[in-house]
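I am opening a notebook on this structure and will set down what I looked up, entry by entry. The sequence and the model come before my notes.

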Amino acid sequence: MGTGRKAWQEKSALVTPEAVFNDRRNIIKALGLGALGASIPGQVQAGLFDLFGKSEPHAPFVTHPLAFSGNKAYGQQEILTPEKKVTTHNNYYEFGTSKTDPFDNAQGFKVDPWTLRVEGLVDNPLTLDLDDLTKLLPLEERIYRLRCVEAWSMVIPWVGFPLKALLAKAGVKAGATHVAFETLFDPDQMPGQKSRLMGGGIHYPYVEGLRLDEATNELAFMAVGLYGKTLPPQNGAPIRLVVPWKYGFKSIKSVVRIRVMDKQPPTSWNQLAPHEYGFYANVNPEVDHPRWSQATERRIGEGGIFSAQRIATLPFNGYGEQVAHLYKGMNLRQYY
Ligand code: MTE
């Protein structure tokens, strides 16, 4: 088991989505509806859940503990965002555009079977199934800050492996310059892919990209878990990218394809609003979003967005030491 298991992890076990779900069940029991609940059809039960908030037609997605080694290099001094916030305040437009939609709508998401392909300019294209994702490479924990372009942030203990290690398994060919990523396209499971309104106008599948030197930087990480367990769907199960020096939209979820290329790939938010979202999207307090300042951010804690503490945003989200050299000589106002 991981050496990184600390007091905060035990405490966090009390606030899993399971606890939220059980809370609702207890309310139903307290109202004397428990016995009734056992005998009524699912649709009526879902209606009962509606009484207490959004409908919850599915039992919570089940996550599993992951074995990983501790990593002392990053984030040990950070105060972690409570697990309950990490898993209920999300951006995942395939499941709806509000912050609670992903938790509410993704619990029935199926990750098995899963196929992740690593292809393009590689010597050994890889086809990985769900099991491979947690077994192919040694897992480690990385505590990273996540800074959303919407000016809120969290600190999340991810479990996964460096993207660089995965690319090394595939063997990147000479001449490669970029890496493209693609999220699952499955409108039957992802209501936001069915309706343009619910999906925020994005042209699906959601796609992202990095320059090869960014993708092979030590910080670029493929997460298969958080808080010591496999990822819940709302956070991008079963595997997602995490690039902590860039705005959160670069950290693409539920990845099915990684393609090594010799040109810059298109990226979803850049396609939707190119004057607002660039390809690079490096966290930069000096370059504002056209509609709001990026100088500060709300660090989400126990209370959520409105009680969150406002703090200064750091260049490259505080990871300049590891990544600033990648952009030497580039005009970061032009390449936002
Ligand atoms: N990936 C996909 N496929 N679809 C999305 O809508 N949202 C992005 C990113 N990855 C998104 C996505 C945005 S805007 C952010 S801030 C992060 O996921 C949020 O990650 P989290 O919900 O795990 O905190």
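**Ground rules.** I am working with a predicted model, in which local features need pLDDT of at least 70 and side-chain atom pairs count only at pLDDT 80 or more, while totals for chains, interfaces and linings use all residues. I number residues from 1 along each chain as its sequence is written, and side-chain values use heavy atoms, with hydrogens and water left out.

**Ligand site.** I looked up which residues come nearest to the ligand, and among the 16 around it these are Asn-90, Tyr-93, Glu-94, Ser-251 and Lys-253; a residue is near if one of its heavy atoms lies within 4 Å. Sorted by class, this shell holds 7 nonpolar, 6 polar and 3 charged residues, where Ala, Val, Leu, Ile, Met, Phe, Trp, Tyr, Cys and Pro count as nonpolar, Asp, Glu, Lys and Arg as charged, and the others, Gly among them, as polar.

I then went through individual atom pairs. A polar backbone atom of Tyr-93 is 2.8 Å from an oxygen atom of the ligand, and an N or O atom in the side chain of Arg-240 is 3.0 Å from an oxygen atom of the ligand. A nitrogen atom of the ligand lies 2.9 Å from a backbone N or O atom of Ser-251. The ligand taken alone exposes 540 Å², and the protein buries 99% of that; accessible areas come from the Shrake-Rupley method with a 1.4 Å probe.

I also checked the UniProt record, where an unreviewed entry lists under "binding site" Asn-90, Tyr-93, Glu-94, Cys-148, Thr-183, Asn-235, Arg-240, Ser-251, Ile-252 and Lys-253; such annotations may be inferred rather than shown by experiment.

**Cys-148 and strand E3.** I found Cys-148 in the loop between strand E3 (140-147) and E4, strands being DSSP runs of E with at least two residues, numbered from the N terminus. Cys-148 is buried, with a relative accessible area of 6%, buried meaning under 20% and exposed over 50% (1.4 Å probe, protein chains only). Because 8 of the 8 residues of E3 are buried, this strand is largely enclosed by the rest of the structure. In a regular strand the side chains alternate between the two faces of the sheet. In E3, Glu-140, Arg-142, Tyr-144 and Leu-146 point one way, Glu-141, Ile-143, Arg-145 and Arg-147 the other way, and all are buried.

E3 and E4 run antiparallel, joined by 8 bridges; two strands pair if DSSP finds at least two bridges between them. I noted Met-154 in E4 as the bridge partner of Leu-146. The hairpin of E3 and E4 has 4 residues between the strands, and Ala-151 takes a positive phi near 75 degrees there.

**Strand E7.** I found 6 of the 6 residues of E7 (221-226) buried, so this strand is also largely enclosed by the rest of the structure. E7 pairs in the antiparallel sense with E4 (152-162) over 5 bridges, and with E9 (240-242) over 3 bridges. Phe-221 stands opposite Val-242 in E9. E7 and E8 form a hairpin with 2 residues between them, and Tyr-227 in the turn has a positive phi of about 45 degrees.

**Ala-73.** Is Ala-73 buried or exposed? I found Ala-73 exposed, with a relative accessible area of 58%. The C-alpha atoms of Ala-73 and Ile-143 are separated by 8.9 Å, although the two are 70 residues apart along the chain.

Definitions and conventions. A polar contact is a pair of N or O atoms within 3.5 Å; within protein, one must be able to donate a hydrogen and the other to accept it, and residues adjacent in sequence count only if both atoms are side-chain atoms.
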